[in-house]
Amino acid sequence: MPMAFLLQSGWLYLITHFSDFQLACLGSFFLHESVFFLSGLPFIYIERAGWLSKYKIQTKNNSPAAQEKCITRLLLYHFGVNLPVMLFSYPVFKYMGMQSSLPLPSWKVVLIQIIFYFILEDFVFYWGHRILHTKWLYKNVHSVHHEYATPFGLTSEYAHPAEILFLGFATIIGPAITGPHLITLWLWMVLRVLETVEAHCGYHFPWSLSNFIPLYGGADFHDYHHRLLYTKSGNYSSTFVYMDWIFGTDKGYRKLKGLKSTGVENGGKQM
């Protein structure tokens, strides 16, 4: 297959010109920064320009100063926290079997591992996030993330350094215990970054994944979490919302959606 050949050839170039350490640490960091900012920055400009406003979940906009503060802090956190974590976690991933050599894993292996990562990450993230909404931890740690009651894409990673480490564990625990191929780890990282940016983007589009994939949270689900007081917000899930459904922590959100749906139906009958 041409695509498989291109992928193999491209990967051969990478492992020939860069060491395993360079790819796993510096390569992962560069990929993360590229995907994160390229997917998140457009939402700042969309909000400033007032484009697609009919799809905006909240009418309130963030000031340019607030957006710039977010970007400045993110760069500080990424170089001061994320990069060192990648460097120091490298021996752990290598010990657990992570490799970058050819041949590349089959798509079946990659798919099974990615599904497992999503399931495990959702479970661990839910409980970690819920714990962060206890009074002391919210006040001293998680409140940093909630400085933006009207989130935009880049606020997805705007958090206290302690939270970055705490909830970041949910993202890396799956790969850490399975020792995947590096390309699988990169794919997982890209998917996770795109998901969390979309969940914080502040827009619910007709093409949003939550309209097509059952139990997928998306921006509308997570935006509700940012709008409410920490003790009443609920909606603690990461990508898929089954944990909130099981433990009833999305009741407020579902009730609101029900009221909106009823209002639309009644409005339609009166027309």
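Here are a few questions and answers about this predicted model.

Me: How are the residues numbered, and what confidence does a local feature need?
Reply: Numbering starts from 1 along each chain as its sequence is written. In this predicted model, side-chain atom pairs count only at pLDDT 80 or more, totals for chains, interfaces and linings use all residues, side-chain values use heavy atoms without hydrogens or water, and local features need pLDDT of at least 70.

Me: Which residues of helix 7 meet helix 4?
Reply: Contact here means heavy atoms within 4.5 Å. On the helix 4 side, V110, Q113, I114, Y117, F118, E121 and F125 take part. Their partners in helix 7 are T184, L187, W188, L191 and R192.

Me: How many residues of helix 8 are buried?
Reply: Buried means under 20% relative accessible area (1.4 Å probe, protein chains only). Helix 8 spans residues 218-227 and is mostly covered; F221, H222 and Y224 are among its buried residues. The count is nine of its ten residues.

Me: How far apart are the end C-alpha atoms of residues 164-189?
Reply: The unreviewed UniProt entry lists this span among its "transmembrane region" features, though such annotations may be inferred rather than shown by experiment. The span is 88% helix and 0% strand. Its end C-alpha atoms lie 15 Å apart.

Notes
Helix = DSSP H or I, 4+ residues; strand = E, 2+ residues; numbered from the N terminus. Buried < 20%, exposed > 50% of the residue type's maximum accessible area, 1.4 Å probe, protein only.
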